[in-house]
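Student: Could we go through this model together, with the general idea of each feature ahead of the particular case?

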Amino acid sequence: MKKNYIGLSCTMHDSALAILNEHGEVLFAEATERYLQNKRAINCQPDQSVRISKLIKEYCDPDADLVLAETWSDSSAETFTRVYDDVMKVSEGVENFPQSLKEVQNIVQYVAHSQVRFPELTGQTLKYEYDFLDGYTGKISSRRYDHHLTHAATACFSSPYDEAVCAVVDGTGEGTATNFYIYRDGKLEEIPGQSQEGLGSLGAFYVYVCLACGFGALTGEEWKVMGLAPYGKKDPELYDIMRSMIEVEGLAIKQPTDGRFERAIQALYERRRAPDAPLLDSADMAHTGQLVFCEIIEELLSNLHDLGLSDNLVLGGGCALNSAENGLLTERTGFKNLHVYSAPADDGNALGAAQLAFYEDNPDKVPEADFQSPYLGSKMSDLALESLVKFSGIQNIQKFPGEIHKKAAALLAEGKIIGWVQGRAEFGPRALGNRSILADPRRKDMKDNINARVKFREEFRPFAPSILDEYGEMYFENYQRSPYMERTLVFREEVRDRIPAVVHENGTGRLQSVKREWNERYYDLISEFNALTDVPVLLNTSFNIMGKPIIHSVEDAIAVFYTTGLDALVIDDYLITK
């Protein structure tokens with residue numbers, strides 16, 4: 001019987017849905033936040049959105065059985081109940097229990113109680129609606145997989161390697177916040193000897209740093225810590241406090257049980273930035289926190305490499321989004337090659353769960369070790385575009401089939417800021433040339449201009465360079481190909497003055513390498529800009545404003561365009577100017 005596989009990322013944040021056909025090909029993958037336009041989609045199940053029936057009709061075979069694959073195992077409720085109980089016990093017998101720990105407990109209580117129920121509900125809408133889908137005759141079944149195993153599947157099955165070791169480093173999983181696997185011939189095998197006692201969490205550590213900087217953890221503001229860190233310096237006192245919170249022993253990250261951890265959190269709480277204080281007051285906190293994060297993960301991964309299993313490293317889990325550290329791993333851990341997919345965090349697990357189900361049913365098939373496209377999401381509606389042209393009353397809208405990249409490149413070279421929407425949306429948190437805001441990196445004031453006029457976000461936040469891959473060595477020291485904007489590298493000194501808008505405070509850039517076979521239209525746009533300016537780089541940032549997800553629809557794009565300082569908007573072959 002023919003089967004289609006639907007992966008459901010069922011963590012209470014960053015939920016997502018992925019669909020595979022009977023051959024294991026990825027037909028669709030997208031985070032719930034995009035459709036709902038609700039940042040991180042907290043407590044919004046991936047199957048709750050009203051479009052689920054439409055997706056089944058669009059991508060699934062009408063006579064196929066549907067296999068639902070979810071990203072937490074049957075024992076996940078027990079895991080979160082245990083985590084909650086352990087955290088609550090911290091306060092027992094503590095006189096004048098610190099307010100800082102009460103706040104941490106409140107966050108853990110919310111996450112744990114939400115997560116216990118969330119996987120149970122995920123998939124219910126799909127099962128209910130399936131009976132009402134005209135023409136569908138198959139059956140529907142469900143499977144559940146260990147959370148970190150789905151992280152590993154997404155990471156490894158998208159990699160260009162036939163063999164590798166995989167490290168999943170996360171906030172929490174099922175009994176541990178880290179897991180390690182050997183990946184060979186399409187099979188994942190957990191590395192034995194991983195300690196399950198006294199485990200700490202590198203992801204949780206970064207949350208504490210985020211809170212101490214005065215940023216929001218549940219709203220996903222860890223990005224701000226990473227962006228702010230280069231503006232600060234190492235604070236010896238803070239370093240000692242943070243280093244006492246977490247330590248490495250072999251392949252285990254451990255949290256001290258002698259009271260040091262609780263005292264450290266209290267010390268961070270007492271030094272956290274006040275809500276009305278300047279953001280740069282937290283720069284030393286961010287810098288020191290990032291430094292400790294790097295030291296811990298480098299020690300952990302060096303220990304992994306010392307096992308002698310492979311020189312190829314595949315990284316998954318939320319900590320794999322720390323691009324500043326990713327760019328350092330191959331020179332500091334012994335690994336020669338690194339792969340991080342475009343969606344290494346919990347949204348990407350929808351893809352991993354679906355793939356685990358497929359390969360469980362097809363054990364003789366092996367994933368192709370090749371570039372995995374991130375362009376797996378929704379397209380712009382043709383009907384919405386036609387209606388925009390017909391009914392909007394916009395006078396300055398034109399269509400340029402085959403020439404749109406030339407028109408856009410000319411505007412960029414003139415200093416215009418452009419919303420650029422093409423083809424299918426990217427899977428993962430980063431815009432990779434299909435849902436992007438683009439600008440000329442040569443203009444020194446462009447960073448401040450976009451932060452103030454378009455993104456409405458903090459002035460220290462950097463922007464990414466999209467660079468033609470063949471020019472990578474010319475612009476970056478120790479160039480590493482970065483197709484998913486997943487690592488940060490150091491710009492060569494001699495090119496920094498040419499592209500100041502994408503050079504961060506410490507001389508780095510979180511780059512996206514662009515090849516024509518990966519994204520033809522975006523490559524042609526940058527090539528045309530290079531022909532006009534002799535610079536093979538564009539400033540690239542996600543098409544959204546601060547606090548909102550990347551745009552999903554024509555209506556979203558138009559709303560951002562007319563309520564921000566964007567100068568032009570490109571949707572497929574259409575150009576709108578102000």
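Student: Is Asn43 buried, partly exposed or exposed?

Tutor: Buried means under 20% relative accessible area and exposed over 50%, with partly exposed in between (1.4 Å probe, protein chains only); Asn43, at 31% relative accessibility, therefore counts as partly exposed. Asn43 lies in the loop between α1 (32-36) and α2 (52-59), where helices (H or I, at least four residues) and strands (E, at least two) are DSSP runs numbered from the N terminus. Its phi is near 60°, a positive value in a residue other than glycine. This is a predicted model, in which local features need pLDDT of at least 70 and side-chain atom pairs count only at pLDDT 80 or more, while totals for chains, interfaces and linings use all residues. Residues are numbered from 1 along each chain as its sequence is written, and side-chain values use heavy atoms, with hydrogens and water left out.

Student: Where does Asn478 lie, and what is its phi?

Tutor: Asn478 sits in the loop between α18 (472-475) and β17 (487-490), and has a positive phi of about 45° although it is not a glycine. Asn478 is exposed, with a relative accessible area of 59%.

Student: Which residues touch the most other members of the largest nonpolar core?

Tutor: In soluble globular proteins, nonpolar side chains tend to be buried together. A nonpolar core is a set of buried Ala, Val, Leu, Ile, Met, Phe, Trp, Tyr and Cys residues joined through side-chain atoms within 4.5 Å; of the 61 residues in the largest one here, Leu525, Phe543 and Leu569 touch the most other members. A second, separate core of 54 residues includes Val209, Phe293, Phe335 and Phe460.
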